[in-house]
Amino acid sequence: MEKQFSIDRMLLLARSIFAQNKSKDLRLALVIAGIMAFFGLVSSSFKEYDVLGFINVIVLLVLAGTTFKMLTSQPRAMAYLTLPASAAEKTVVTIAYLNIYYFLLLSVSSFVGYYFGQLLQNLIAVIPFVRDIFGFDGDHVFNLSAVSFNGFGDNLLALTTVISALLFGSLYFRKHAILKTLLTACVFGFAIFFLDVIVISSAGYAFRLNGYDVNLPDLPGWIGTLVEYTVPSVITLFFWFMTYIRLRETEA
Amino acid sequence: MIQLKDVTFGYTKIAPVFKDLNLELAGGHIYGLLGKNGVGKTTLMKIIAGLRFAHSGTAEIFGEPSYKRSPEMLQDLYFVGEEMYAPALTIRQYVDTFAPFYPNFSREQMDAYLEQFELTNCTQRISAMSHGQKKKVIISFALATNVKVLLMDEPTNGLDIPSKSMFRKVMAMAADETRLFIISTHQVRDLHSLIDSIILLDGGEILIAEPNEVITDKLLFKVVDSTEGMENLLYAEDTLRGIYTVSENVNHEECKLDIELLFNAAISNKKKIKELFRNY
C-alpha cells in the first residue's frame, strides 16, 4: 500500500529545504530587518509599521513566484524529483514553507528591524545635539498598541490566494514565471471583469466601479460574503491542487 | 526488476527517440549502456527513473510504473546524472540532510567510500569543490544509500586517472546479487573490467542486451594477421598490433570481450547482430 502522506517524510523534506536555503534566508531576513530599521529610524511612530508591511508582501510574492525556479536547472530538478517523497508531500511542504515559514520569517525580521530602528531613534533623540540636527521632537515613546491588525484576516486570505497563483505559475512557467503569471492573471482578470459587466448589465443590476472594487449593492448580502471569503478560498485550493497535479507531471 | 514494454518516446512527434522499445533487466548485474551521442542513453535512464514519461508503452520498476515516482520506489532508486546538483552544504550536512530519505543508507559505507576517494575534508562545502570531487561525493552517497537500482550517467567523466580506478574499486565493493547498476558511458575502457552485461542502443532500438558471456558465446573477438579466408567476419580493424576482428563464434571458442570492437561491429553490422541476438 502506497503512502501518499508521511509526517516523517514531510519533516525530512522541510528540513532539507531549510538546510539548503538557510544561508539565503538569513541574508534575506537581515536585509529586511535593515530596511525596516531604516524606516523605523526615520518614521515618527509605529503607526507606519502596517504601511511598511507592503515590503514583506512584495518579497513574499517574489518568493512565491520563484519557488520552483530550481526546476529550471536540470541537475537540481532531477535531484528534487527523485527525492523519495510523494508529489503530494512535496506540494504540502512547499505550501507550508511559503505560507508559514517565510511569512513568519519576514514578519519577525521586519518587526525586529523596525523595533530596532525606533529604539535607535529614541536613543538618538536623547542627545540634544543630534535631536536638533534631525529635528526629532524628543517626546517620542514606543507605542506598540498603534500597530494595527484591522482587516488582517481578509488581507491574509487575499495574500494566500495571490501566493497560491504565483506558486503554480512558478511551476507552470518556470522561466520568467512572475512576469508570465502576472500577465496571465491580468488577461484573466480583464476577461472576468468584462464578463461581469456583461452578466450584471444584462441581468438588469446596477453596475458601479468604486475605487478598487466592483460593488454589487443590489445583490443579496450572502453573495458579498461568498465573493469575499469563499471565492478566494476556492481559488487558493484550486491553485494548490493544480500545483500538485503539475508537480506530479513534471519531467526533467 | 526493470521492465520496459513497447516504450515509445520522443522530444518531438516527428522524430521519436525510441519506438516500441522492450527491455528486461534483472538484479545482480552491472549493465553498461552504450550508444552513440544523442542515441538516447540518458533519456532511457530517465524513463527508467520516472523523470521522463513514455508516450506509449510502460516502464516499470519493481513492478510499478516508474512515472508514478512513489516514495517506496524512489527509496530504492538513485540517479547519478552527468551534471550533479551540489548544494552549499558540507559532506556531513549533506549526509545529515538527505541520508534519512534512504532507509538502507550506511554512514560507515559512506565514510569508507569517501576514504577510498581520498575525500577526508568533510567541512568543505560541496558546491565549492571541483567537478571531480563533487562527483566522488555524489557517487559515494549514491552507493551508500544501498538502493536496489543505481543509474549512473557518464560517472567517470571528470574523474582523473587514479580516481577512475578508485571508482572501479568502490563499485566492486558495492555490487552484490540484489543490486542492479546501469552505467551509461562512452569511455568503455574505463569500465571494461566492471561491466558484466551490455545494453547497446542504436537508431531508437536495442541491438544487444545480454551478459558478457552470452556475447562472447555468439561473437568471437580475435587478433589475426590476415582476414583472408575468415568466415562469418563481422568487423575488422587494422592496428599496429594486428587486425582486430569480430566474427560469428560458430564453434563457441573462448575469447575475451572487447567492448569497443563489439560496439563498432554492432553499428556497422546492425542486421546481423540483430539476427544473432534477441531482437528487442
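Q: What percentage of the 252 residues in chain A do buried residues make up?

A: A residue counts as buried if 20 or more other C-beta atoms lie within 10 Å of its own. In this predicted model, buried residues make up 26% of the 252 residues in chain A.

Q: How many helices and strands does chain A have, and in what order do the elements run from the N terminus on?

A: Chain A has eight helices and two strands, and, read from the N terminus on, the elements run α-α-α-α-α-α-α-β-β-α.

Q: Turning to chain B, where does Phe62(B) lie, and what is its phi?

A: Phe62(B) lies in the loop between strand 4 (56-61) and strand 5 (64-65) of chain B, and although Phe62(B) is not a glycine, it has a positive phi of about 55°.

Q: Why does Phe62(B) count as partly exposed?

A: Phe62(B) counts as partly exposed because it has 15 C-beta neighbours inside 10 Å, whereas 20 or more would be needed for a buried residue.

Q: Which loop holds Glu154(B), and is Glu154(B) buried or exposed?

A: Glu154(B) lies in the loop between strand 7 (149-153) and helix 6 (161-174) of chain B, and its phi is near 45°, a positive value in a residue other than glycine. Glu154(B) is buried, because 20 other C-beta atoms lie within 10 Å.

How values were computed
Residues numbered from 1 in each chain as written. Chains lettered and ligands numbered in written order. Predicted model: local features only at pLDDT ≥ 70, side-chain atom pairs only at ≥ 80, totals over all residues. Helix = DSSP H or I, 4+ residues; strand = E, 2+ residues; numbered from the N terminus. Buried ≥ 20, exposed ≤ 12 C-beta atoms within 10 Å, placed from the backbone.
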